[in-house]
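Hi,

Here is the structure I promised to pass on to you. Have a look at it first, and then read on for my notes.

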Amino acid sequence: MISPVSLTIVDNIAVVTIDNPPVNALGQAVRAGLLQSVKEAEDNGAVKAILITCEGRTFIAGADIKEFGKPPLAPHLPGLINEIEACTKPVIATIHGTALGGGLEVALGCHYRVAVASAKMGLPEVNLGILPGAGGTQRLPRLVGAQKALEMITAGRPISAEQALQIGLIDQISDQVDAREAGLAFARKVIENDFPVRRTGEQTDKIATADTAIFDQYRAGLANKARGMLSPFKCVDAVEAAVTMAFKQGLDRERELFDQCMASPQREGMIHAFFGERAVGKVKEMASGKASDINKVGVIGGGTMGAGISVALMQSRIPVVMVERDADAVKAGKDNVERILDGGVQRGKLTEEQKKAMMDGLYSVSSSYEGLKDVDLVIEAAFEDMDVKKQIFTKLDE
C-alpha cells in the first residue's frame, strides 16, 4: 500500500507532503506516515529544517470521519503532535485551504506557521460535543492568549489568515499562492537566519499575565448561550488548565475532559447529526437536484408556531392537515389559524372571500393521525417537551 505521506529533500529542507484526498484527513495511515517522515528527517544529517505541507485543495481539514466511534489506532494524534513538537530541527507548517480540528493541532505542534492569504483555521470540535483533544486547548492559549483561545474554542468558528496573524496564531501570510513554495521560502529564511526551535508548549508569555477571572466570566456567559450543553463548559475548563497548570499536567487535564465529553450522550447525538447531514447529500432524490412535489402538508400542533406555519402554507396554495391532541386543542388550533387570517383581513392583505376559501378548501384539523396518511411532508410544531415529542414521532413512525 502506498503511503499518503511522502518525504523529499529540497535545499536541506525535508518536505513532508500529505496527499490524502479529498481533505487530507488525519487517518491512521496519514498519522503513521507523518510520524515516520518526521523521524527520518530528524535523523538525516543533511536536513536543516522540516516543512509539513499538503497536496490538493486544503491543509489537514481534521480527523478522518470514518474512524469516528471506533477504537483509536496507533499512532495516536496527541503523541504524534508531541513528537513533532519535540523535534530538534525547526518544523514549519504551511497552510492553505482550511486547517481545522486535528489539522490545526498539528500546525500548533510545529515550531512555525505560514499561511497563504485565503487560508482559514479553527477548532470546531465543540460543534460535535467534544473539545480539541490533541493539545489544542493547551497550545493555542500559549500563542494567542486565554481570551482569544476561549473565543475560538467555545465558538468553533474558523478565522481568516489575517485574523490569525493579528492574534499570533501564525507567523506570516505569504504572497505566494502555492502553499508549498510559500513554505519553502519561509524554511529557507529559518535556515539562513538560524531561527531557533520554538516549541509552543514551552511558551508562557501570553498565559503568564492572564486574568483567571475570565474563566468564571465565560462560564456565566455560556449559562445562557449554551444552557444544557456540556462541551462548551469543558472547553473553558481545559483552557483554564493551560493557564493554571504546567504544560504536561494541562495535557493530562485536557485528555480527562475530552474523555468526559466522549462518554456523553450529547456527543453521540451531535455526531449522529453530523453524519446525518452528510448522508442527506447522498439520498437519491437529493442528488438528482429535482425537488419533490409538495401537494399536501401535515402540521403537528396548533399553537402560535403551528398556526403561523399553517397560514404560510395556505398562502402558498398548499393544503394543510393540522393535528392536535384532543377536541379542545383542535378548537384552539382552528381559532389560532382564524385569528391570524382575520388579522390579514383587517390589514387589507386578504379579503373575507379569500379567508373563507383558505379555511374551506385548504385547511382541515383533526385529533387523529389518520389524516396524515396522504401528506408529502410533516412539520412538527408541538410544545417544547421531549416526552411530548417522543410520543409524536412514535405515532408518526406508525
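Asn12 has a relative accessible area of 36%, so Asn12 counts as partly exposed. Please keep in mind that this is a predicted model.

Asn12 sits in the loop between S1 and S2, and its phi is near 65 degrees, a positive value in a residue other than glycine. Asp11 also belongs to the loop between strand S1 (5-10) and S2. Although Asp11 is not a glycine, its phi is positive as well, at about 50 degrees.

If you follow the chain into strand S2, you come to Thr17. Is Thr17 buried or exposed? Its relative accessible area is 8%, and because the cut-off for buried is under 20%, Thr17 is buried. Beyond its neighbours within four places in sequence, Thr17 is in contact with Pro4, Val5, Ser6, Thr53 and Glu55.

**Cis peptide bonds**

Two peptide bonds are worth a look on your screen. One runs from Pro21 to Pro22 and is cis, with omega near 10 degrees. Pro22 is placed in the loop between strand S2 (13-18) and helix H1 (28-43). The peptide bond from Ala74 to Pro75 is cis too, with omega near 0 degrees. You will find Pro75 in the loop between strand S3 (49-54) and helix H2 (77-86).

**A helix pair**

Two packed helices are described by the angle between their axes and the distance between the axes. Here, helix H3 (residues 102-109) packs against helix H4 (residues 136-144) at an angle of about 55 degrees, and their axes are 10 Å apart. Angles from 65 to 115 degrees count as roughly perpendicular and those under 35 as roughly parallel, so with this angle H3 is oblique to H4. The crossing of H3 past H4 is left-handed. On the H3 side, Glu105, Leu108 and Gly109 make the contact, and on the H4 side Gly136, Arg139, Leu140 and Leu143 do. Sorted by class, the contact of H3 with H4 has three nonpolar, two polar and two charged residues.

**The nonpolar cores**

In soluble globular proteins, nonpolar side chains tend to be buried together. In this model, the largest nonpolar core has 71 residues, and Met121 and Leu169 are the ones that touch the most other members. Which residues does Met121 contact, leaving aside its neighbours within four places in sequence? They are Ile95, Ala99, Leu100, Leu104, Ala115, Met152, Pro158, Ile159, Ala161, Ala164, Leu169 and Ile170. There is also a second, separate core of 16 residues, with Val311, Leu313, Met314 and Leu341 among them.

**Phe195**

One more residue I wanted to point out is Phe195, in the loop between helix H7 (179-192) and helix H8 (205-208). With 27% relative accessibility, Phe195 counts as partly exposed. How far apart are Phe195 and Pro90 in sequence and in space? They are 105 residues apart in sequence, and 7.7 Å apart in space from C-alpha to C-alpha. Pro90 is also one of the contacts of Phe195 once its neighbours within four places in sequence are left aside, and the others are Tyr112, Lys189 and Val190.

Happy to talk any of this over when you have had a look.

Best wishes

Note on methods
Residues numbered from 1 in each chain as written. Predicted model: local features only at pLDDT ≥ 70, side-chain atom pairs only at ≥ 80, totals over all residues. Heavy atoms only, no water. Axes fitted to C-alpha atoms, helices over the stretch in contact; angles between N-to-C directions. Helix = DSSP H or I, 4+ residues; strand = E, 2+ residues; numbered from the N terminus. Parallel < 35°, antiparallel > 145°, perpendicular 65-115°, else oblique. Left-handed = near helix turned anticlockwise from the far one by under 90°. Contact = heavy atoms within 4.5 Å. Nonpolar A, V, L, I, M, F, W, Y, C, P; charged D, E, K, R; others polar. Buried < 20%, exposed > 50% of the residue type's maximum accessible area, 1.4 Å probe, protein only. Core = buried A, V, L, I, M, F, W, Y, C linked by side-chain atoms within 4.5 Å.
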